[in-house]
Amino acid sequence: MTIFNKRQQELAEQIDSKIGISKWKDWKWQLKHAITGLETVESSLGVKFPEQQRARFKETIDKFPMRVTPYYLSLVDPNDYQNDPVFKQSFPDPAELQVFAHDMLDPLAEDKDSPAPGITHRYPDRVLFHISNVCSMYCRHCTRKRKVGDVDYIPKKESIEQGLAYIRETPQVRDVLLSGGDPFMLSDEYLDWILWELRQIPHVEIIRIGTRMPVVLPYRITDELIAVLKNYQPVWINTHFNHPREITTSCREALAKLADAGFPLGNQSVLLAGINDCPRIMKRLVQMLLMNRVRPYYLYQCDLAEGLSHFRTPVSKGIEIMESLIGHTTGMAVPTYVIDAPEGGGKIPIMPNYLISWSTHKVVLRNYEGVITTYKEPDSYEPVFCDRNCEKCVLNLKLEGATEYPAVGIEKLLSDYDDTVALVPTDTERYTRR
Ligand SMILES: *Cc1c(COP(=O)(O)O)cnc(C)c1O
C-alpha cells in the first residue's frame, strides 16, 4: 500500500475534492490537473502573494506559461519555498522578462538545421527528432522556452511521416534521438507506431528517448509503457534530474522499472544559478543517480535563450564543479560538462586542465590531489600512415560493408588521407582582399 504524505493529500483535496488522493498515481489525472494558475500554488503553500508581486508573476506567465504536475509541486517545501529547487524550476520569476543583448530566441539554431519537420540534423550520424511539442510541466529553464505553451500539440501522423521519410532516405543516420517536448506525452499506441516505423529502417542502429517524466511525473512509467518500449531495443533513455531533492521514492520506482526492463539510463543536468551551482549538491546528485542505475551523461552550461539570464552561472562555476568530481568520486558519476554552442555549433566539452607540460619524451600531468607526475612516452612508436585502405593495413577493421564517411574538422586535419592543411574562415578581410 502506498503511503501518501500530508502535502500530497492536501494538494489532491484542493485540486479535486471529489476524487482526492485516490487518483494521485494516475498519470492522466496528474496531467489533467496540472497547475497553471497562481491560486493553487498559493493555497498549496499556504501563502498569499502581495498584490504587486502577483501582478508581476501574472505578467511573466502571460509571456512564458506555467504548468506543474501536482506530484512535482508537492515536493516543494512550503516553509522555505523561495529557496526551494523544485519551486525555482517550476514557478515563474519576473526576471524571465529581462532580455539582454546576447539572448537569442533559438540559441542552438535548431530551426535552421532542420531539413524536415521535427528533425534537427546537426551531427554526421545522428538526428534529433521532435515528436512532441508538449510537456507535463514547463521547466522555467527550458532552452526551447520560445516554444513553450504557444502551440501545445502532438504532431499529426502526416508530420511525423515526413520526419520518418527523412531518416529513411538518409543512410548516415544511425542514431535517432526522440525529443520534444516530452516524447512520453504521447499515448503508448502513438509511441508504439513511431518506434515500429523507426525499427523498420535498417540503418537506424539505436533509438534514444529524452524525457523528464521520471523526475516530474514518475507515474507515467507504467508497465504498459515498458511493454511497448521493450519491443524496440536497443533503446537508451536519458532523463533530467537537477537536484538530489528530486529523487523521491516514486522516482526510484520508475527508474528501477526502466533499468529492470533493460534500458540503459542516463541523466542530463543543467547548471542553474541558485539551484545546483554548488559542488556539494552536484556531487550528491550524481552519486544518488548511480544508486538508481542512472549514469550522469551531460552537465549543460545554461543556454543563451531569452528569459534564462537569471539562471546563468559563469563557466568557471562548471569547471569548479568538474574539479570537485573528477577523482573525488566514482568515475562513472562524472558527467561531461558541455556548452551547446550558438549557431548550431553543437556541444563543446569543457574540462579543468590535467596536462601541464610536454617534452618529446615525457608529459607532465597533475591529478585531483595536486600530485604532479610524469608519463614517459614510448621510445619507439611506428606510426601507421592511414589511407583508409584496411586491406593493406596490419590492423584489423572488418567493417562488413558498413559505410564510412569523410572526416570532418580537426579529425580531418590530423588525418593522412586528406590533404587539407588548414581550416580557414572565408569571410575575413584578408580573404576578401585576395
Ligand atoms: C545533443 C544533440 C544531439 C545528441 O548529441 P550526443 O552528444 O550524441 O548526445 C544530436 N543532435 C542535436 C541537435 C543535439 O542538440
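This is a predicted model: local features need pLDDT of at least 70, side-chain atom pairs count only at pLDDT 80 or more; totals for chains, interfaces and linings use all residues.
## A right-handed helix crossing

Helices α7 and α8 cross in the right-handed sense, where right-handed means that the near helix is turned clockwise from the far one by less than a right angle, and left-handed that the turn is anticlockwise. Helices here are DSSP runs of H or I with at least four residues, strands are E runs of at least two, and both are numbered from the N terminus. The contact brings together Lys157, Ile160, Glu161, Leu164, Ile167 and Arg168 of α7 with Tyr190, Trp193, Ile194, Glu197 and Leu198 of α8; contact means heavy atoms within 4.5 Å. Sorted by class, the contact of α7 with α8 holds 7 nonpolar, no polar and 4 charged residues. In this scheme Ala, Val, Leu, Ile, Met, Phe, Trp, Tyr, Cys and Pro are nonpolar, Asp, Glu, Lys and Arg are charged, and the others, Gly among them, are polar.

How do the axes of α7 and α8 cross? The axes of α7 (residues 157-168) and α8 come within 10 Å, and the crossing angle is roughly 20°. That makes α7 roughly parallel to α8, since angles under 35 degrees count as roughly parallel, over 145 as roughly antiparallel, 65 to 115 as roughly perpendicular and the rest as oblique. Axes are lines fitted to C-alpha atoms, for helices over the stretch in contact, and angles run from 0 to 180 degrees between N-to-C directions.

## Reading the model

Residues are numbered from 1 along each chain as its sequence is written, and side-chain values use heavy atoms, with hydrogens and water left out.

## The nine-stranded sheet

An open sheet of 9 strands runs in the order β1-β2-β3-β4-β5-β6-β7-β8-β9, and its pairing is mixed. Two strands pair if DSSP finds at least two bridges between them. At the edges stand β1 (119-123) and β9 (346-350), each with a single partner strand, so one side of each has no neighbour in the sheet. From one strand to the next, the twist averages 30°. Helix α8 (residues 188-199) packs on this sheet and touches β3 (175-179) and β4 (206-210), its direction making about 150° with that of β4.

Two strand pairs are worth a look. β1 and β2 (residues 126-130) pair in the antiparallel sense over 3 bridges, with Phe129 in β2 as the bridge partner of Ile119. These two strands form a hairpin with 2 residues between them. β7 (residues 294-300) and β8 (residues 336-341), by contrast, pair in the parallel sense over 3 bridges, and Tyr298 stands opposite Thr336 in β8.

## The three-stranded sheet

A further open sheet has 3 strands in the order β10-β11-β12, with antiparallel pairing. Its edge strands are β10 (355-358) and β12 (372-376), each pairing on one side only. The twist averages 25° from one strand to the next. β10 and β11 (residues 362-366) run antiparallel and are joined by 3 bridges; Leu365 in β11 is the bridge partner of Leu355.

The axes of α3 (residues 38-45) and α4 (residues 51-63) come within 11 Å and cross at roughly 130°. α3 and α4 are therefore oblique to each other. Leu38, Glu39 and Glu42 of α3 make the contact with Arg54, Phe57, Lys58 and Ile61 of α4, and these residues divide into 3 nonpolar, no polar and 4 charged.

## Backbone details to check

Which peptide bonds are cis? Another runs from Gln233 to Pro234, with omega near -5°; Pro234 is in the loop between α10 and β5 (235-239).

Glu343, a residue other than glycine, has a positive phi near 65° and is found in the loop between β8 and β9. With 57% relative accessibility, Glu343 counts as exposed (buried is under 20% relative accessible area, exposed over 50% and partly exposed in between, using a 1.4 Å probe and protein chains only). Arg388 also has a positive phi, near 65°, and lies in the loop between β12 and α14 (409-414). Its relative accessible area of 31% makes Arg388 partly exposed.
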